[in-house]
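Hi everyone, thanks for coming. Let's take a short walk through a few loops together, and please keep the picture in view while I talk.

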Amino acid sequence: MAANVPPPGAPRPNSNNFVPPPNYNPSAQRPPDYLAENLQNLNLNRPPSMPNSAPRPSPYGQPPPFPSSAPPPGVPVASPPFPRPGPPPGVLARPSMPLSGPSQATLPPGGAPLRPTGPPVGQPSPFVSRPPPGSLPSPMSGYVTPGCGPPSSGPFQSSSLLSGQVAQRPLQPGARPMPLSSPMIATGQFVPPSSGPGGLMSNGPPNFTSGAIPGAPRFPPIGNVQQPPLGPPQTAMSAMAPPRAPTMHSHLGGSVVSAPPGPPTQPASPFSAAPSPFSAPPQGMPPPPGSPYGSPSWPLQPGQVAPPPPIPGSAQPPRMFGMPPPPPNQSMTTISPAIGQTGAPVAGSTKIDPNQIPRPLPGSSVVLHETRQGNQANPPPPATSDYIVKDTGNCSPRYMRCTINQIPCTADLLTTSGMPLALLVQPFALPHPSEEPIQVVDFGESGPVRCSRCKGYINPFMKFIDQGRRFICNFCGFTDETPRDYHCNLGPDGRRRDADERPELCRGTVEFVATKEFMVRDPMPAVYFFLIDVSMNAIQTGATAAACSAINQVIADLPEGPLTIVGIATFDSTIHFYNLKRALQQPLMLIVPDVQDVYTPLQTDVLVPLSECRQHLELLLESIPTMFQNSKTAESAFGAAIKAAFLAMKTTGGKLLVFQSVLPSTGIGALSAREAEGRANISSGEKEAHKLLQPVDKTLKTMAIEFAEYQVCVDIFITTQSYVDIASISVVPRTTGGQVYYYYPFSALSDPAKLYNDLRWNVTRPQGFEAVMRVRCSQGIQVQEYCGNFCRRVPTDVDLPGIDCDKTIMVTLKHDDKLQDGSECAFQCALLYTTVYGQRRIRVTTLSLPCTSMLTNLFRSADLDTQFTCFLKQAANEIPSSPLLRVREQVTNLCINSLLSYRKFCATVSSSGQLILPEALKLLPLYTLALIKSTGLRTDGRIDDRSFWINYVSSLSTPLAVPLVYPRMVAIHDLDSKEDNDSIIPPVIPLSSEHVNEKGIYLLENGEDCFIYIGNSVDPDILRKLFGVNSTDEVSTQIVLQQYDNSLSKKLNDVVNEIRRQRCNYLRLKLCKKGDPSGMSFFSYMVEDQSQGGPSYVEFLVHIHRQIQVKMSS
């Protein structure tokens, strides 16, 4: 079987007979509703039936009623509202053959229309008006209103807002007036600050109302849907004497949370309940849940429209509805928990309301984002917000985002800022249904125009000179001759006259048809090989039957045509191939007993065109569970099985989908239960425990590199009830561009539905095969490292046997020269890949950002979501090689260093009792704390859970990073009390146990799992309506959600379906009750509480401030 390793794209034998499907148009786009047409989804109310036993059920139960009213004026609709939950329109199933015409989704030329001028009627405004210019002594001074309330009895009591009077200031010209109905404002004169810190003040977005949404809807339906109430819960204001309102001032556009002064006393430790903010819990802790990820949905209010595009050249933090834009100068947030000179809080002198510290809250509307305006890059909206992109030169931020939207001119400036410089690249990211499709450009046999020195591709930032006869590369500066057939004269503005007609000259993302020079062999066919565990444990737990049922239903979703090839094998202690040729009356089993030196019998018969073997394949899948039902073989030859399957696929490449249920125990790559040796599966607290998160040896890694060389992408579906050493197994999918799916503990009742939906999305989502990716940068910046699921054989490129819409690659950058202030620095990602229809394409994504030598500009243009995603991925990379305590300290220091730099060099507020946060990064402490308490960094729990978390993070996209550690929690017991026109998803609740009432039922979702917590004192009538039981004792933790004949049950199903639709993921449901491990799992996500895993949010802010003070004084 030995053969020379071909480079990516090298010719393969027997693959030169490619014929595109009839009527194929390479520039055709899929119809916007083809997802809905093909979404034969699985009914959420029961597991999938066995094939051919009944018509295939709908996957998400009853479709929720999507609004049918017209979209906001000026926001184009490329498709009708999506009729069923599931992944967004235009991205799921493929048509049977490509269509014949491109989709023409267009955006309005005039930008977005006006939006309403104030908050919704009857809703208290979260802010008051600004002072007029000149009412403050200095634009850099920090004013705070004196506190009048009595000192509290403890350092961190969190009851209500600080009491006292707040004066209303004169209205700034151009500022929006305050609605008279607001209960938060008292009249009076503006008073200058006293020496002590005062109450809450802000200018621009209040510090508790803006910021990234924790995983906003990826693509909610376009229409007029009423938004849930914004701002803190009403109960937070109810018990106050005269309430102190948030006020506005022009103090750098920032906000101040302060406490009244009190008598000096002995400093108290901010972590009185724990010697360290990150103390380890006892070894006997029960295991936490698997992995956290999550997000909310915030559609438009009736009559609400998309806001105008952001101001060019300025960072635009998300704003609440009706909020005036921030001033052009630097904005920041200051928090003052009355901290003494030593950094410790002064006991008895502070009262901080947790409702007034920075938290992510929803934006109010869909944003129309133009990537460039006035020849300047437009900072992108938050990754977790809902936006529609108009590509006007820079690529959509969905495809590529930078951690800072202005590039520091020198390495020293970057180091001073304490912020990372990196790109997050997601080449196949799902577009919004209303966005224009990516244009396909065919240059014919000559291929796309490129720089002859650095090989950068033609893009809007290459400058044409000499009447268009030459062009200057924006990456290396080299001047090239323009190809004769590409020449065009220049207009008076210096641009080519045809620039707006050529997508490659006016769009940040284009796709070129690859020429023969990019192919040293014909493009590969679409090959799918299914490998199923039939060991005794897999049969008895129902995992084998679930896998066979899912595969049988997914066959109909594979790309049709002669180039779709399938194969199937099963394995326990031996490997069983199946001859599926049509000439045979029934499939023929071929057994490979040698699991040390494996081979593939009858190679040409093992992989068969789908059109020739569909009936045999369906018959075989129905038979496999009964064929092995009496098997007593407990061993699993996983390594040998994937090696044998690879040998069958070696000449073609393709996708290898493996269903694994037990620890691989025999043959190549056999593993042992090293993680616990029978000691309760909790050994992560031991010395050097992190080594259990590393592969046991290099056997599987060596195999995986060979798989990648031959373009075989491996996905593994782990359906287990025990330890399987994910740390070792996951090396294979990570190296080959694949993915790990983890179902622990596997339930034959509730998990087959998720298994089917995961498999279906895996094979139908936008994806490419045998890909190679390279990122190029302008002179002065170079790529330092790539991080993600891929294989690297040369330093400059990453090889991706498979790449899909869910995979993100982090590209860290470094300076190799000084950049010129005022110039622009460009980045270009080029991805050469093969489509599922055998077309070779080059997807080119270009982003050009301004360079700056001012530190304040860096903080103003910081991208919180992208920076936190980088911190998250860096932490995940460190966990297998460092003790957890050290990783947690590193994560905390990353947060502290950037905030220290801002405090030291950009802020001029002199009070030592204030923690000053840049407006763009004010949620960084909260997300850092959430990361410290996440599954990956907790000291308790199962090794496999942490290994899966690490693997999940490695390819995680930016919109899902924050929800991973800071999930979304909503109340579902009072869904009936909401008006019918409210949002499907109820208002989000802060992740603190004080917001969880034992009379309520709460849903917490993290992108992979849905936890439904049932309080001890829930009304039995609500339990009957939702779950069909009379008491919490009757509730089982394994749940298949039913829809009963009442409005509350219907609304709960609608909520779950909507979350699944937003997530493109069929979330597992888990019921949690107080007093058992399931309840502890739920409360482990209350990241704002103090716990054994770390301090409370307020305590953590104190810790951050204390560390900054120590560093400032040293």
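This is a predicted model: local features need pLDDT of at least 70, side-chain atom pairs count only at pLDDT 80 or more; totals for chains, interfaces and linings use all residues.

Is serine 992 buried or exposed? Its relative accessibility is 6%, and because buried means under 20%, serine 992 counts as buried. Which residues does it touch, leaving aside neighbours within four places in sequence? Those are Met969, Met1086, Glu1088 and Asp1089.

Next, find glutamine 1038, in the loop between helix H20 (1020–1027) and helix H21 (1047–1063). Glutamine 1038 is partly exposed, at 39% relative accessibility. Now look at aspartate 751: it is 287 residues away from glutamine 1038 along the chain, yet their C-alpha atoms are separated by 9.4 Å. Not counting residues up to four places away in sequence, glutamine 1038 touches Ser747 and Leu749.

Let's turn to backbone angles. Most residues other than glycine have a negative phi, and most peptide bonds are trans. With that in mind, the bond from tyrosine 744 to proline 745 is cis, with omega near -15 degrees. Proline 745 belongs to the loop between strand S24 (740–743) and helix H13 (751–764).

Asparagine 375 has a positive phi, near 60 degrees, and lies in the loop between strand S6 (372–373) and strand S7 (376–377). It is exposed, at 66% relative accessible area. Glutamine 467 also has a positive phi, of about 55 degrees; its loop runs between strand S13 (463–465) and strand S14 (470–472). Glutamine 467 is partly exposed, at 44%.

Terms used
Residues are numbered from 1 along each chain as its sequence is written. Side-chain values use heavy atoms; hydrogens and water are left out. Buried means under 20% relative accessible area, exposed over 50%, partly exposed in between (1.4 Å probe, protein chains only). Contact means heavy atoms within 4.5 Å. Helices (H or I, at least four residues) and strands (E, at least two) are DSSP runs, numbered from the N terminus.
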